[in-house]
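Here is a structure to get to know piece by piece. Have the sequence and the 3D view ready, and let's take a walk through it.

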Amino acid sequence: MASRDRFISPREFGALLADLRLTPTIFQDGLLEYFERQRIVVPVVRVFWPNSMVLESHDVVPDPAPTQAERDSTQALSDALHLWRRFDADPELPHPFDIGEEAPGVTLITTEVVRQEFVAWADFRINLRSAGQDPLYVNDGVDTYYHDWQALLVADALQMGVHLIFDTRQPELLELAMSGRLTDIPADATYRTVSFEGPRGLAKGVEWARWFDAAAKVEAVRSRKLAALARGHNGHVFTFGAAELADFTAVQKRSAERALAEIAATGDHARSFLIYLCERWGEWSRRGWSEVAGEYKRQIGLALRMAMHAFDTDFEALAVEVGRVTGHFANTLDVIFPDWKQDARDKAELSLKHSVAAKAPSADAALTLDDAAITDLLDWLERNDQWKVHLSIEAILKHQFSASSVDHSALAKEVESLSATFEHLTNALLDEAGVSSSGTLMKKVQAFWNTSTEVHGILTTQFALVSTKAATRADRLATIKALTSKGPNIDVARTILAAVLYRNDGLHNGMASWAEAELHEAARIFLTAMMFCRKNLFASPPTP
């Protein structure tokens, strides 16, 4: 994982480029030097340590010796950087590179690198040996820094230029290319395409540079404050107390207001910045560059946090303000950061409609399963903060219809979990009705249906059908299917019996060996049984 410090070295920047799959390796000094030479992507800060001090640090006697001013500047900046990086430093301590002429060792710091004449990186090296000796160079005379968000500029920069296609299997063409003689390749042997997306994206990214950096400043304070609070708990897992949370929020608000005041930002600017970021997220997502789109998503999150704290607003309000800027049928921020609960609710509701209500067995009017019954069940589960059904449905949708044995095992595990959830739901319904939830699952469902004459009668007389000790699961299911009754709710009883049978056999013998079709049928039966039980709480509630 590449460094996410606000100021990162070329090696760390190269690691981030590799993480984003923009380059094949982390070693990109040549590319970064080219970008700087052409003023495409330029470092944000350089520190030029006095040559004499660098030589002394390598036990070489410099000539001339360091001046006192050089010693003082080097010591002052070194101390300031060390203080800022200390684990127990004040989270709101300004970085030495951010305080301009007041910075310790200010004469060593160059913060407007883009305004300086380009110098080849090789010229930054310092030779430790005297004249007449073979040179021995070191690279610690100059420290170069980038911001992590500049990786997004690199992403656009790499899209610039001409994509030249030719047959590199032909040795003579490959030789021309490798020797830099591309213009000597015959025109009819090449195909060229020019990208206009890169220059446009690069220009817009540079326009928003101060906003990217403002969000990074706020994030630096937030992460340092969080680390400081965590140290107070000595490494143990903790939850913020009221005072800690208030302190944490106040620090973020101060840092956000401070960062935006430095660039004279307004709420309208914040909205425009978020729209820009969302549009870029949409562009890179459409291109299939998930890593770059993911980095834009990260930057959107930082910008959102900064705006919410600085302007006393919330995510919902900003989502409405930004609106639909990527062609989705919802506000773009809601698409990028979906509400998991709402998303899980939608998936559960669609699954229950398709797999349960649409295939529900017949029952009398009081127990008929319809859309209203689905809404009632999900509302009840969510009011009681019970998300197991939602989680299982989400996981089943993820792992279904795959040829992978791993996915099959995961699917079986989730259906097993759903079987346990059926019992937990039965317990909760019994408790709500004031009836004891002790005993086996079979005893629990018998107790829950004790005022429904037809269903209770079948459950108490046919209880042996939920065991596979004397017959196979298939035989038991066939017998359950063949049960008859003169009442309207025979299918309700069949469903409850089948659910207990599937649960017992799956719990004791596992479900990994079951065919996928039977796993889906078991899941449907569990969900149907849950809905019948929930409806029965109102139709014919049990008595103690």
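Does Arg 524 count as buried or exposed? At 16% relative accessibility, Arg 524 counts as buried, where buried means under 20% relative accessible area, exposed means over 50%, and partly exposed is in between (1.4 Å probe, protein chains only).

## Before we start

This is a predicted model, so local features need pLDDT of at least 70 and side-chain atom pairs count only at pLDDT 80 or more, while totals for chains, interfaces and linings use all residues. Residues are numbered from 1 along each chain as its sequence is written, and side-chain values use heavy atoms, with hydrogens and water left out.

## Charged pairs

Let's stay with Arg 524 for a moment. Its side chain meets that of Glu 521 in a salt bridge (2.8 Å, N to O); the term stands for a side-chain nitrogen of Lys or Arg within 4 Å of a carboxyl oxygen of Asp or Glu. Helices here are DSSP runs (H or I, at least four residues), as are strands (E, at least two), and both are numbered from the N terminus. Glu 521, at 30% relative accessibility, is partly exposed.

By this rule the count comes to 41 salt bridges. Arg 345 is buried at 12% relative accessibility, whereas Glu 382 is partly exposed at 23%. Glu 394 and Lys 347 also meet through a salt bridge (3.5 Å, N to O). With Glu 394 in helix α16 and Lys 347 in helix α14, the pair ties together parts that are 47 residues apart in sequence.

## The nonpolar cores

Which residues touch the most other members of the largest nonpolar core? They are Phe 422, Trp 449 and Phe 526, out of 63 residues in that core. A nonpolar core is a set of buried Ala, Val, Leu, Ile, Met, Phe, Trp, Tyr and Cys residues joined through side-chain atoms within 4.5 Å. Several helices supply at least two residues each, including α14 (340–355), α17 (405–433) and α21 (490–509). The largest share, twelve residues, comes from α22.

Take a look at Phe 526. Setting aside neighbours within four places in sequence, Phe 526 is in contact (heavy atoms within 4.5 Å) with residues including Val 415, Phe 422, Tyr 502 and Met 511. Apart from this core lies another, of 58 residues, among them Leu 32, Ala 215, Tyr 296 and Val 322.

## A wrapped-up helix

Now find helix α5 (residues 150–157). Eight of its eight residues are buried, so α5 is largely enclosed by the rest of the structure. Those residues pack against α1 (10–19), α2 (29–37), α7 (197–207), α8, α10 (267–287) and α11 (290–310). One of the buried residues of α5 is Asp 156.

Over in helix α8 (residues 209–231) you'll find Glu 219, which is buried at 16% relative accessible area. Its side chain joins that of Arg 305 in a polar contact of 3.0 Å. That term covers a pair of N or O atoms within 3.5 Å; within protein, one must be able to donate a hydrogen and the other to accept it, and residues adjacent in sequence count only if both atoms are side-chain atoms.

Most residues other than glycine have a negative phi, and most peptide bonds are trans. Here are some exceptions. A cis peptide bond links Asp 63 and Pro 64, with omega about 10 degrees, and Pro 64 is in the loop between α3 (51–57) and α4 (68–85). Asp 59 also lies in the loop between α3 and α4, and has a positive phi of about 60 degrees although it is not a glycine. Asp 59 is exposed, at 75% relative accessibility.

Finish at Asp 140, in the loop between β4 (137–138) and β5 (142–145). Its C-alpha atom is separated by 8.2 Å from that of Trp 49, 91 residues apart along the chain. The side chain of Asp 140 also makes a polar contact with the side chain of His 58 (2.8 Å).
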